[in-house]
Amino acid sequence: MAKAKKLILVTAEHHPYHKQWLRMSNELAQMLGVELEVKIEDYVFAIEHGVTDEFGMAGLPQLLVELEDGKIKPLLYEIPLDSNFQLDFEAAKKLALEKLEKGEL
């Protein structure tokens, strides 16, 4: 299992799902027993450490993890959909935990 040192949420307060991302990130940080750092519209950080598109641009929000070895890796950048095509933040938390557990970062 990849050991998380802290979670880093790079978000934008105007994003329609900002509050849900923030809540989910707080819950994950509590579950893992780590700090949550929130960066508002830090596109440079997101481009350097997060997921980018074919033009090198990063979309927000993104949840990243700083590992014990100091590396910063993307953890979540998309939220899965449920059977009604709604964002499923519970499934996203499970996915993040599975990625950490399996070391799929």
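I take helices (H or I, at least four residues) and strands (E, at least two) as DSSP runs, numbered from the N terminus. Residues are numbered from 1 along each chain as its sequence is written, and side-chain values use heavy atoms, with hydrogens and water left out. I keep in mind that this is a predicted model, in which local features need pLDDT of at least 70 and side-chain atom pairs count only at pLDDT 80 or more, while totals for chains, interfaces and linings use all residues.

**Entry: Gln62**

I looked up Gln62 and found that this residue lies in strand E3. Is Gln62 buried or exposed? With buried meaning under 20% relative accessible area, exposed over 50% and partly exposed in between (1.4 Å probe, protein chains only), Gln62 counts as buried because its relative accessibility is 2%. I then listed its contacts, where contact means heavy atoms within 4.5 Å; leaving aside residues up to four places away in sequence, Gln62 touches Ile8, Leu9, Val10, Trp21, Gly50, Val51, Leu76 and Tyr77. I also noted that a polar atom of the Gln62 side chain lies 3.0 Å from the backbone oxygen of Gly59.

**Entry: the sheet**

I reminded myself that strands of a sheet pair through backbone hydrogen bonds, either parallel or antiparallel. Two strands pair if DSSP finds at least two bridges between them. Here four strands form an open sheet in the order E2-E1-E3-E4, and the pairing is mixed. Strand E2 (35-40) and E4 stand at the edges with a single partner strand each, so one side of each has no neighbour in the sheet. From one strand to the next, the twist averages 30°. For such angles, axes are lines fitted to C-alpha atoms, for helices over the stretch in contact, and the angles run from 0 to 180 degrees between N-to-C directions.

**Entry: helix H3**

The 14 residues should span 20 Å, and the end C-alpha atoms are 20 Å apart, which agrees. Which residues of H3 are buried? They are Phe89, Ala92, Lys93, Ala96, Lys99 and Leu100. These residues lie on the same side of H3 because they cover an arc of only 125° around the axis, the arc being that of the directions from the helix axis to the C-beta atoms. They pack against helix H1 (18-32), strand E3 (62-67) and strand E4 (72-76).

On the other side of H3, I found Lys94, Glu101 and Lys102 exposed; for Lys94, the relative accessible area is 55%. Just after H3, Gly103 takes a positive phi of about 70°.

**Entry: Leu32**

I ended with Leu32, which is found in helix H1. Not counting residues up to four places away in sequence, Leu32 touches Leu7, Leu97 and Leu100. The C-alpha atoms of Leu32 and Glu68 are separated by 13 Å, although the two residues are 36 residues apart along the chain.

Technical notes
The expected span of a helix is 1.5 Å times one less than its number of residues. A polar contact is a pair of N or O atoms within 3.5 Å; within protein, one must be able to donate a hydrogen and the other to accept it, and residues adjacent in sequence count only if both atoms are side-chain atoms.
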